[in-house]
Amino acid sequence: MLHQQRTPDTGPWNLDDLEPTRARYRAERDKRLRPDGSGQYLGTTGDLSGYGEDPWTEPSVERTPVTDDVDAVVLGAGFGGLLAGAHLRKAGLGRIRLVDTAGGVGGTWYWNRYPGVACDIESYIYLPMLEEIGGMPSRKYAPGSEIRGHAERMAERFDLLRDALLHTEVTSLRWDEEISRWRVGTDRGDGFTARYAVLSSGPFNKPKLPGIPGIEDYAGHAFHSSRWDYAYTGGSEDVREYPGLAGKRVALVGTGATGVQIVPAIAPSCGELLVVQRTPSTVDRRDDCPTDPQWWAGLEPGWQRRRRDNFIALVTGAAAEQDLVADQWTDTAPARGRQRLMRGTPEDLEDPALAMEIADHQKMAEMRERVAQIVGDPATAAALQPWYRHLCKRPCFSDTYLQAFNRDNVGLVDTDGRGVERMTPDGVVVAGVEYPADVVIFGTGFELGVAAATRSGAEIRGRGGITLEQYWSDGLRTLHGAVSRGFPNLFHLGSTQNVVSVNFGHILEDRAEYLGAVVAEAERRGAAVEPSAAAEDAWVEVIRARALDMQAFQAECTPGYFNEEGTPRKRSESFGGGPLEFTELLRRWQNEGMDEAFSG
C-alpha cells in the first residue's frame with residue numbers, strides 16, 4: 001500500500017532549499033562523527049573469533065607442508081585471483097597456485113550466503129568472462145549461489161584447483177636473488193617457491209563487528225551475515241523459508257547493502273524483526289526480472305565488452321546512443337550532474353560545482369520522497385530518509401526493503417546516528433532503552449581501510465630485504481598500479497594507483513588481461529618484470545595530475561567506509577580519467593612494446 005502523504009522535508013527541489021539542506025547534511029554528519037573513526041570496529045579475534053569461522057566447508061585437516069616450486073602464486077581465490085589464474089594460464093604458465101583462507105573459490109561470494117544475497121550490478125556485465133565461459137544468469141541481478149557457481153566454473157575451466165591451497169594464509173613473500181624466485185611461507189608450514197606472485201586479496205573477506213560495549217556479554221544467539229547460521233535459522237540458499245526464526249525476536253544490526261537484502265528475505269519468517277539503524281541507505285528502484293532466453297540467444301559476439309563499456313560511459317556521465325543496461329546506476333547524482341554540464345547552460349558552466357550539487361540535491365530529494373511514498377508510518381518514514389550527498393555511501397536498490405517496514409512484525413530501531421549504546425545478556429540498548437532479542441545478526445560488513453602494502457596479510461620483502469611497507473612509506477610507487485621497482489615479478493590486482501568503478505568486476509578483468517599480456521612478454525624475453533625508477537616517477541606524476549580531489553566532498557559526507565568513518569585521505573591514489581580512458585591508455589602501452597616493465 002502506497003503512502004501518499006508528503007512529509008515536510010520532501011517535495012520539489014528549488015534553489016532556496018540549498019542552504020537548509022546543507023545545514024541538515026552537516027548536522028546529520030556531526031551526529032555520527034566519532035573520535036575513534038575506523039577504530040570503532042572490532043576484528044573477529046580472541047573471544048570474538050567464532051564470528052569469523054568458516055561455516056561452509058569442513059574444517060581444515062592436517063596435511064604435509066608443501067615445499068615445491070610453481071610458476072605463479074596468487075594470493076586470493078575471489079574473482080580477482082581467478083581472473084589472474086585464467087590469464088596466467090593463457091600466457092602459457094603451467095603450475096599456478098591459488099592460496100586462500102576460504103575453503104573454496106569466489107571470495108566475497110564464497111562468504112556471503114545470507115538470505116536474499118545477490119549482485120547489485122547487472123549480472124550480465126558483472127560476471128567476469130561470462131561471454132567466454134557461458135551460462136545464462138537466471139535474472140538481471142543474479143543470486144549469490146549463481147555467482148559462486150560461475151566462480152567455480154572459472155576455476156574448473158582453467159584448472160585452477162589442481163595446485164590450490166585452501167584454508168591457508170600466506171604469511172610471507174621474500175624475493176630470493178640467487179634463484180630469482182619468491183619464497184612463500186604460510187600459516188600451515190608451507191615453504192615453496194614461485195617465479196611470479198600476484199596479490200589479489202580483496203577487501204571483502206574478514207568480517208568486522210561494531211565495538212559495542214558488552215558485545216561479549218550477549219547470551220542469546222549471534223552471528224555475522226557473512227557467516228550465516230542456517231543450522232539455527234533453518235532454510236538454505238535454495239530453500240527460502242527460515243522456520244528457526246518463527247516466534248523469535250530477531251535484531252539485525254546494520255542497514256547498508258547487506259541489510260537491505262536481508263530484511264525483506266527473512267521478515268516473513270520472523271516472529272518479530274527489529275532493524276537497528278545508525279544511518280539509512282539510499283534505496284532506489286531495482287526492477288529485477290528474469291533473463292529472457294530469446295534475448296540471450298540473440299546476443300552477438302563481443303556483447304559483454306560493448307555492454308560494459310556502455311554502462312561505464314553512462315555512469316560517468318558520457319554520451320551514448322543507447323542505454324543498454326538501463327538501470328538506476330545510470331541515474332546517480334554525479335551522472336545527472338555531468339549530463340547537466342554537457343547541456344551547457346550558462347549558469348551551470350559559470351559554477352560547475354554548484355550545478356553538480358543541485359543535481360545531487362534533486363536526486364536525494366527524490367530518494368527521500370520515495371521513502372515517504374512507500375512507508376506507511378510517518379515516523380518510520382522520516383527515520384528512513386537519507387540526509388547526505390548521494391555517493392557518500394554506496395547506493396542501494398530494492399523493490400522490497402522499504403515495503404517490509406509496512407509489515408506488522410517489522411520495526412525500526414533508529415539510533416539517531418549514534419549506534420547501539422551497549423549490549424546486555426538479553427539484547428541491545430539504544431538511547432537507554434533495552435530491546436530484548438533472541439538472536440542478533442550483525443550485517444556490519446568487512447574490514448576495510450587496510451593499508452595497501454599490508455592488505456594481503458603477508459610480510460612482503462623485495463630486493464635487499466626491504467619490505468613493501470617501507471618502500472611505500474612516503475607514498476605508493478608503481479607502474480600502472482601493477483608493479484614496483486625492487487619487487488620483481490610481483491603484481492598487484494587491487495585498486496592501487498589504477499582506476500575504480502562501481503562495476504569492479506570490469507576493472508578486475510582489465511587488470512588480469514594486463515597481467516597476462518605482461519607475463520607473456522616476460523616469458524618471450526626471458527626477463528623479470530620490474531619497472532625503472534623513471535617509469536615509476538612518471539606514473540606517480542600521472543596519478544597526481546589526474547587524481548580527483550575528493551577530500552572536501554568526503555569530509556562533508558556522513559561517516560562510512562567511503563571516507564574512512566569521517567577521516568578521508570588527503571590524497572587520492574586512483575587514476576581520475578575514468579575506466580575507459582585508463583583501459584585505452586594501457587592498450588596503447590601494450591601495443592608500443594611494454595618496455596618500461598622490463599627496465600629493472
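## Basis and terms

Buried means under 20% relative accessible area, exposed means over 50%, and partly exposed lies in between (1.4 Å probe, protein chains only). The model is predicted: local features need pLDDT of at least 70, side-chain atom pairs count only at pLDDT 80 or more, and totals for chains, interfaces and linings use all residues. Residues are numbered from 1 along each chain as its sequence is written, and side-chain values use heavy atoms, with hydrogens and water left out.

Helices (H or I, at least four residues) and strands (E, at least two) are DSSP runs, numbered from the N terminus. Contact means heavy atoms within 4.5 Å.

## Helices α10 and α17

Two packed helices are described by the angle between their axes and the distance between the axes. Axes are lines fitted to C-alpha atoms, for helices over the stretch in contact, and angles run from 0 to 180 degrees between N-to-C directions. Helix α10 spans residues 303-315 and helix α17 residues 504-525; their axes come within 11 Å and cross at roughly 120 degrees. The angle therefore makes α10 oblique to α17. Angles under 35 degrees count as roughly parallel, over 145 as roughly antiparallel, 65 to 115 as roughly perpendicular and the rest as oblique. The crossing of α10 and α17 is left-handed (the near helix is turned anticlockwise from the far one by less than a right angle; clockwise would be right-handed).

On α10, the contact residues are Arg305, Arg308, Asp309 and Ile312; on α17, they are Gly505, His506, Glu509, Asp510 and Glu513. By class, this contact has one nonpolar, two polar and six charged residues. Ala, Val, Leu, Ile, Met, Phe, Trp, Tyr, Cys and Pro count as nonpolar, Asp, Glu, Lys and Arg as charged, and the others, Gly among them, as polar.

## A salt bridge between them

A salt bridge is a side-chain nitrogen of Lys or Arg within 4 Å of a carboxyl oxygen of Asp or Glu. Glutamate 509 and arginine 308 form one, at 2.7 Å from N to O. The pair links distant parts of the chain, with glutamate 509 in α17 and arginine 308 in α10, 201 residues apart. Glutamate 509 counts as buried because its relative accessibility is 8%. Arginine 308 is buried too, at 3%.

## Helices α1 and α13

Helix α1 (residues 18-32) packs on α13 at an angle of about 70 degrees, with the axes 12 Å apart. The two are therefore roughly perpendicular. Leu18, Thr21, Arg22 and Tyr25 of α1 meet Leu354, Glu357, His361, Met364 and Arg368 of α13. This contact has four nonpolar, two polar and three charged residues.

## Helix α11

Helix α11 covers residues 333-343, and its buried residues are Ala333, Pro334, Ala335, Arg336, Gly337 and Arg340. These pack against α10, α12 (346-350) and α13 (352-374). Just after α11, glycine 344 takes a positive phi of about 70 degrees.

## Other salt bridges

The structure holds 52 salt bridges. One joins aspartate 68 to arginine 97, with the closest N and O atoms 2.8 Å apart. Aspartate 68 sits in the loop between β1 (41-43) and β2, and arginine 97 in strand β3 (residues 96-99), 29 residues apart. Aspartate 68 is partly exposed at 24% relative accessibility, whereas arginine 97 is buried at 3%.

Arginine 370 and aspartate 399 form another, at 3.9 Å between the closest N and O atoms. Arginine 370 is in α13, while aspartate 399 is in the loop between β12 (396-397) and α15 (401-404). Arginine 370 is buried at 14% relative accessibility; aspartate 399 is partly exposed at 32%. Salt bridges that share partners join Arg24, Glu28, Lys31, Arg32, Asp416 and Arg418 into one network.

Valine 70 lies in strand β2 (residues 69-75). It is buried, at 1% relative accessibility. Leaving aside neighbours within four places in sequence, valine 70 contacts Arg95, Arg97, Phe192, Thr193, Ala194 and Arg195. Valine 70 and arginine 195 are 125 residues apart in sequence, yet 7.0 Å apart in space, C-alpha to C-alpha.

Asparagine 498 is in the loop between β19 (490-492) and α17. Its relative accessible area is 0%, so asparagine 498 is buried. Not counting residues up to four places away in sequence, asparagine 498 touches His480, Gly481, Ile507, Arg511, Glu573, Ser574, Phe575 and Phe582.
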